[in-house]
Each structure stands twice: as C-alpha cells, then as structure tokens.
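Hello,

Here is the structure you asked about, with my notes below it. Please read them with the model open.

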Amino acid sequence: MRIYAIGDIHGRFDLLRQLHQAIRADCADVSPLTTLQVVYLGDYVDRGWQSREVIDLLIEQPLRGFFAVHLLGNHDRQLLEFLQHGTGGPQWLRYGGDATICSYGVRMTDGGGAAKRLTVMRDELVRTVPQQHVRFLQQLPLMHQVGDYLFVHAGIDPEKPLAEQTERDLLWIRDEFLESDNHFGAVVVHGHTTTREPDVRSNRIGIDTGACYGNRLTCLVLEGQQKRFLTATAARPSSGFAVPDFPV
C-alpha cells in the first residue's frame with residue numbers, strides 16, 4: 001500500500017491541481033499490486049479565493065485508481081454550521097469565510113444593520129451553494145486509521161483513548177497535543193497548525209505548510225517504513241488578504 005496524505009488546502013485550487021499532477025507522476029510506475037490511497041486532512045475552504053473550485057475538483061475530478069478519504073476540518077465545520085443553522089457567522093467571516101463566500105459569488109449587501117445584512121447574505125449563500133457540495137461536507141469523517149498511522153485534522157487529546165475523542169478535540173486541539181511526548185498508539189498525521197516545513201516527530205507528523213500563508217501545499221507519502229514528501233508551490237498567494245507570514 002502507498003498512501004498520499006494532503007495537508008490543509010484552504011481554497012488553493014491552483015496548488016491542489018498542481019499537487020494532484022505530482023501525485024499522478026509519482027505513482028506512474030507503481031506496481032499493479034500496490035493499493036493506492038489519498039487522504040485529505042480537511043480545511044478545503046476559507047482564506048484562499050477558490051474554495052468552490054477546490055470542492056468541485058475533489059468531487060468531479062478525483063485521482064483515478066485511488067481510494068480517497070476526505071476528512072472534516074474545523075473550517076469546513078464552520079461553513080456547515082453557518083449554512084445549516086446560521087450560527088457562528090461573524091467569527092467564521094473573520095477567519096477566512098469571506099473568501100469562501102466570494103468564491104460562490106455572494107456579496108455582502110449594503111443598508112440595514114449588521115445582523116440583517118448577515119441574514120441576507122446567508123440566505124443567498126444557502127441558495128447558491130450546490131447541494132452536491134453540502135452533501136460532500138456533511139459526509140466527511142473525523143478520522144481514518146491505516147496500520148500504524150492515524151489521520152485527523154488537528155490532533156487528538158493525549159489524555160483520552162481514541163474511542164473517547166470528541167469532535168472538538170479532533171478539529172481544534174493544539175497545544176496539549178503538539179507539546180505531548182506520549183505515544184498515541186499510532187503515529188498521528190495532522191494539519192491545522194501551520195509550520196514552514198513538515199513537522200516530523202516520533203509520535204506525529206504535521207503537514208500544514210501554509211497553503212495560503214506560505215504558498216506551499218504538502219503531501220506526505222507513506223509506503224512500508226518509508227516516508228517522503230511532495231510539494232506544490234506558488235510564487236505568490238491567490239489571496240488578496242494582507243496576512244502575517246505565519247499566523248499563531
């Protein structure tokens with residue numbers, strides 16, 4: 001088996017398409033007996049300008065010959081909460097949801113109070129987002145395990161067994177997990193926390209290299225005892241936001 005795990009995409013359709021091309025080239029000479037998997041660690045939307053195009057690509061142009069696993073990220077969850085329940089809108093917009101809304105062709109209206117404008121915008125977004133995209137987001141699992149590797153979006157609570165992990169642990173955890181030296185029963189492959197280079201530890205591997213901040217989308221390749229990386233890069237971001245180099 002060979003597994004390709006892809007970090008946080010955040011609306012960078014350009015980098016995802018480039019990385020898919022690199023993966024196709026990388027496995028061109030693979031044995032017909034080798035099983036191929038591709039695992040996406042979530043956060044398909046927000047910050048980058050092409051969230052809609054990213055989801056279209058994942059649904060309509062999957063990597064042929066691969067068993068694909070698409071995990072849920074915290075940004076994907078926030079989009080769903082806003083679409084389905086109208087909750088968390090202001091916070092979601094501040095943390096990159098505005099770029100997602102633009103990718104679907106929705107704009108904030110003028111006039112009226114902030115709450116009214118948010119309601120109008122949300123109603124327009126509900127009408128605009130294809131139901132195929134909603135179903136895709138609704139069906140995303142929280143974790144995926146293969147042998148000695150556990151794939152999640154953010155990490156796990158080191159004080160809990162895997163069966164007791166909550167959605168909030170898996171989508172949002174940071175310091176308790178990142179600073180832990182515990183062996184988790186499997187090497188955890190995760191995104192969520194941005195680093196300039198892949199963060200390889202004995203108990204975890206972080207592969208969020210800042211698609212929107214550092215213009216670099218990373219893929220971890222696992223086969224037997226070997227691990228290596230593929231990357232897609234760009235000279236400048238597709239986002240027009242004035243953002244810090246690497247956010248905390």
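The lining of the largest cavity consists, by class, of 2 nonpolar, 1 polar and 3 charged residues. Those residues are V221, L222, E223, Q226, K227 and R228. Strands β9 (216-223) and β10 (226-233) are the elements that each give two or more residues to this lining. The volume of the cavity is about 30 Å³, and the structure holds 1 cavity of 30 Å³ or more. Please keep in mind that this is a predicted model.

Next, the second largest pocket. Its volume is about 260 Å³. Of the 15 residues that line this pocket, D148, Y149, L222, G224 and Q225 lie nearest its centre. The elements that supply two or more lining residues here are β1 (2-6) and β9. Sorted by class, the pocket lining has 8 nonpolar, 2 polar and 5 charged residues.

On the nonpolar cores: the largest has 46 residues, and Y4, I6 and L125 touch the most other members. The biggest contribution to this core comes from helix α1 (residues 13-26), which gives 5 residues. Leaving aside residues up to four places away in sequence, L125 touches L79, F82, L83, W92, I101, Y104 and V106. Another core, of 15 residues, lies apart from the largest one, and its members include L41, V146, Y149 and V187.

Regards

Note on methods. Residues are numbered from 1 along each chain as its sequence is written. This is a predicted model: local features need pLDDT of at least 70, side-chain atom pairs count only at pLDDT 80 or more; totals for chains, interfaces and linings use all residues. Side-chain values use heavy atoms; hydrogens and water are left out. On a 1 Å grid over the protein atoms alone, a cavity is a set of points where a 1.4 Å probe fits but cannot get out, and a pocket is an open set with protein on both sides within 12 Å along at least five of seven lines; lining residues have an atom within 4 Å of a point. Grid points are joined across faces, edges and corners, and a volume is the space filled by probe spheres set on the points. Helices (H or I, at least four residues) and strands (E, at least two) are DSSP runs, numbered from the N terminus. Ala, Val, Leu, Ile, Met, Phe, Trp, Tyr, Cys and Pro count as nonpolar, Asp, Glu, Lys and Arg as charged, and the others, Gly among them, as polar. A nonpolar core is a set of buried Ala, Val, Leu, Ile, Met, Phe, Trp, Tyr and Cys residues joined through side-chain atoms within 4.5 Å. Buried means under 20% relative accessible area, exposed over 50%, partly exposed in between (1.4 Å probe, protein chains only). Contact means heavy atoms within 4.5 Å.
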